[in-house]
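Here is a short briefing to keep beside you as you look through the structure.

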Amino acid sequence: MTELSSAPAGDNLSASPPTGTAAATPAPPRRRVRDSALIRHLAITALAGVVLWLLSLWLTPFNDLRLANGAYYFVTLAGLTLLTGLSGQISLGQGGLVAAGAYTSALLMANNHWALIPALVASVVVASLVGGLLGIAAARLRGPYLAGATLAFALALPGITDRFAGTFGGENGITTNAPVPPTSLGANFSPERWQAWIACLAALVVLLLLLNLSRAGTGRTLRAVRDDEVAASLCGINVARTQVSAFVVSAACAGVGGALYVEISNLAAPDAFAVTLSLSLLAGVVLGGLGSLAGAVYGSIVLVLLPNWSTDLANDLSLNQQVSSNLPLAFYGLVLIIAMLAAPRGIQGVVLTVTRWLRSLRAGPPDTLTPAASTPGRIDTDTSTGGEG
Amino acid sequence: MTASDTPTSGSEVVTEFVNLTLGGISSGAVYASVALALVLIWRATRIVNFAQGGMLMFTTFIAYEVIQHTGSYWFGFVVALASGFVLGALVERMLIRPVEGGPPLNAVIVTLGLLIFLEALAGMLFGGQLKSFPPAFSIRGFDVGGTRYAFAPSDTFTVLSVFGVALALGLVFRYTSLGLKMRASAFAPEVARLLGVRVGRLLTLGWALAAVAGSLAGVLVAPSVFLGPDQFDGVLIYGFVAAVIGGLDSPLGAVVGGIGLGLVLSYVSGYDSSSSVTLAALIVLMAVLMIRPGGIFSTTSVRRV
């Protein structure tokens, strides 16, 4: 009950109150534009789009491919952060859903010569259906039992491609053609930049949809279910349906991710969707900061850059081959451990702490605020950081 | 697929069935041992220890080195279990204690990080190429009435030692004051602490004992899967699935789940194809969890409102 009433209050800190409240209580004129969640989300998305566009022009083709990979990770992590962070259901099987999306795209594009966009939509549909089935099973399960079931799912899905090798191409998988940039962009336009544009555009659409979803009533419902299932159901929330729909939304995101993976690497093969993918997705979402879309952004940056950095580091140290080939992996493991010990709320937790500290510096000495007014606000922030966007 | 094609006589069908059953029990015993390690840690600290796969791999590598240098299998065997004990205690003290009581996912990520780190460290120290680990006893199958069965003295040793460890742990937990204290600190740490139980120390002991069960699984399974930094990932996952099937709170469930999973996977692999095994594991797990969401041996727990 307390969480339900405090969730909208927590939103006030970084976002506007819901539009309904804004209409009921007349806000000062200068805040009216900021109070419209949709306009603000559109602005955020547009800003992100401009930044990504400039970035794609500035980067080399190799780094454009990394950018596209970052978009693929972001889409997948955003779905996972909604599922695990907002609705509180752990999933070790997200890689299986990515595989479902990737194989749908690859099969339709390779065998039936579908275009990219319809194939992407089909990936979303198939992954959502698979995710819905998994979600129906998952709604009965809690904690480690859900973890075990989703882990078995992540293990089994790539196994299917091996069992029905005739359809899914077995170990070698299915190759597709790389998307060709339209001639109107000029002959020198690099295919990598085109791939990055497609991936980033898809990521922006997902960002806009999820921003609205997590701010609106759906987001509050998910948080209510996460924090206390009994209290949520007493408030008239259908807990099982909410949990299943969270699975469907996150699976749809994973489907987009799978389609983007095929768009970027032009291949759907079981090796790419092994259990390690599911585990590193979970690690990425927790490292970035669970339950926030900003955390998904940080997580995707980490997942793209960390392996490269640690490989470069290993090469620079000029160690013998046995050590240097394993150094990136060791570094990755150490980062996971140290990050969880030093920053339990991930990068987004660190960012929030730093911005709050900066804001308190700018606000001047604390006696400008009465203690009674400042303390409840701080408590609200702490309880709601898990679900902040 | 292969062996089931037009069997010539009834006795061959029987022989194949017996072979698959015995093979399933043998591999199931290994899953049971890993499951036991996971269950012990779950009961003590409410953490699913993914690092168990890395820990048992590492102790098996230590055993391999000891066997290579001393030539004695049994010395290596004992060293594996002892190093498992030490490693389990160290991991709990140094890495798990700070994240205990925090968000549950953070502890999971720490154990995942440790799994990755241990695999990389083993690759650095021992190299990536697979090594063949010696079995404790002969791997020549028993001859019964002129038919050789695919069940060897080393399989007998596997099954017996896992059952022995499970039984010993069960007896310790049920009949000794140490076991009582460990159960008390797992179920009601605050009350146990008030009554003078050194809860922290017992949690460390719980992790150490669990790691011994894991190390046992590593030494037992190494001859058949070979020894390499990531060779035990499958054993870890099937052990986890077995623990979930049995119910994470029940050591008996871990053994039953392990043997049951081993049998099912052996039949599926023998009668259908080895590439169906992962799918079969998912189906078995889902079937069990749909009927009993807390595993076979779950007890109804009070949900606090």
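In this predicted model, 42 residues of chain B are in contact with 37 residues of chain A.

**Where the chains meet**
- On the chain B side, the elements that give two or more residues are helix 3 (73-99), helix 4 (104-126), helix 9 (233-246) and helix 11 (277-291) of chain B.
- Helix 4 of chain B supplies the largest share of that side, with 14 residues.
- By class, the chain B residues that touch chain A are 30 nonpolar, eleven polar and one charged.

**The nonpolar core**
- The largest nonpolar core holds 215 residues.
- Residues from both chains are listed as having the most contacts inside this core: A71(A), V75(A) and A199(A), together with L36(B), V241(B), A281(B) and L285(B).
- Helix 8 of chain B (residues 199-225) gives the most to this core, namely 17 residues.

**Two helices packed in chain B**
- Helix 1 (residues 10-45) and helix 5 (residues 153-175) of chain B have axes that come within 9 Å and cross at roughly 35 degrees.
- The crossing of helix 1 of chain B with helix 5 of chain B is left-handed.
- Helix 1 of chain B makes this contact through L22(B), I25(B), S26(B), A29(B), V30(B), A32(B), S33(B) and L36(B), and L36(B) is also among the core residues with the most contacts.
- From helix 5 of chain B, the contact residues are D155(B), T158(B), V159(B), V162(B), V165(B), A166(B) and L169(B).
- Sorted by class, this helix contact has eleven nonpolar, three polar and one charged residues.

**Chain A in outline**
- Chain A has 18 helices and two strands.
- Of the 389 residues in chain A, 50% are buried.
- Among contacts in chain A with a separation of 6 or more, 78% join residues 24 or more positions apart.

- The mean pLDDT of chain A is 79, and 84% of its residues reach 70 or more.
- Confidence in chain A is lowest in helix 1 (residues 2-14) of chain A, with a mean of 37, and highest in helix 13 (residues 239-265) of chain A, at 91.
- Residues 1-24 of chain A stay under 50 in pLDDT, and the model gives them 38 contacts beyond four places in sequence.
- Residues 368-389 of chain A are also below 50, with 32 contacts in the model beyond near neighbours in sequence.
- Please be careful here: where pLDDT is low, the predicted coordinates should not be read in detail.

**Two positive phi angles**
- Most residues other than glycine have a negative phi.
- H113(A) has a positive phi, near 55 degrees, and sits in the loop between helix 6 (94-111) and helix 7 (116-138) of chain A.
- H113(A) counts as exposed because 10 other C-beta atoms lie within 10 Å, and the cut-off for exposed is 12 or fewer.
- F226(B) also has a positive phi, about 70 degrees, although it is not a glycine.
- F226(B) belongs to the loop between helix 8 and helix 9 of chain B, and F226(B) counts as partly exposed because it has 13 C-beta neighbours inside 10 Å.

Notes: Residues are numbered from 1 along each chain as its sequence is written. Chains are lettered from A and ligands numbered from 1 in the order in which they are written. This is a predicted model: local features need pLDDT of at least 70, side-chain atom pairs count only at pLDDT 80 or more; totals for chains, interfaces and linings use all residues. Axes are lines fitted to C-alpha atoms, for helices over the stretch in contact, and angles run from 0 to 180 degrees between N-to-C directions. Helices (H or I, at least four residues) and strands (E, at least two) are DSSP runs, numbered from the N terminus. A crossing is left-handed if the near helix is turned anticlockwise from the far one by less than a right angle, and right-handed if clockwise. Two residues are in contact if their C-beta atoms, placed from the backbone, lie within 7 Å. Ala, Val, Leu, Ile, Met, Phe, Trp, Tyr, Cys and Pro count as nonpolar, Asp, Glu, Lys and Arg as charged, and the others, Gly among them, as polar. pLDDT is the predictor's confidence in each residue, from 0 to 100. A nonpolar core is a set of buried Ala, Val, Leu, Ile, Met, Phe, Trp, Tyr and Cys residues joined through C-beta atoms within 7 Å. A residue is buried if 20 or more other C-beta atoms lie within 10 Å of its own, exposed if 12 or fewer, and partly exposed in between; C-beta atoms are placed from the backbone.
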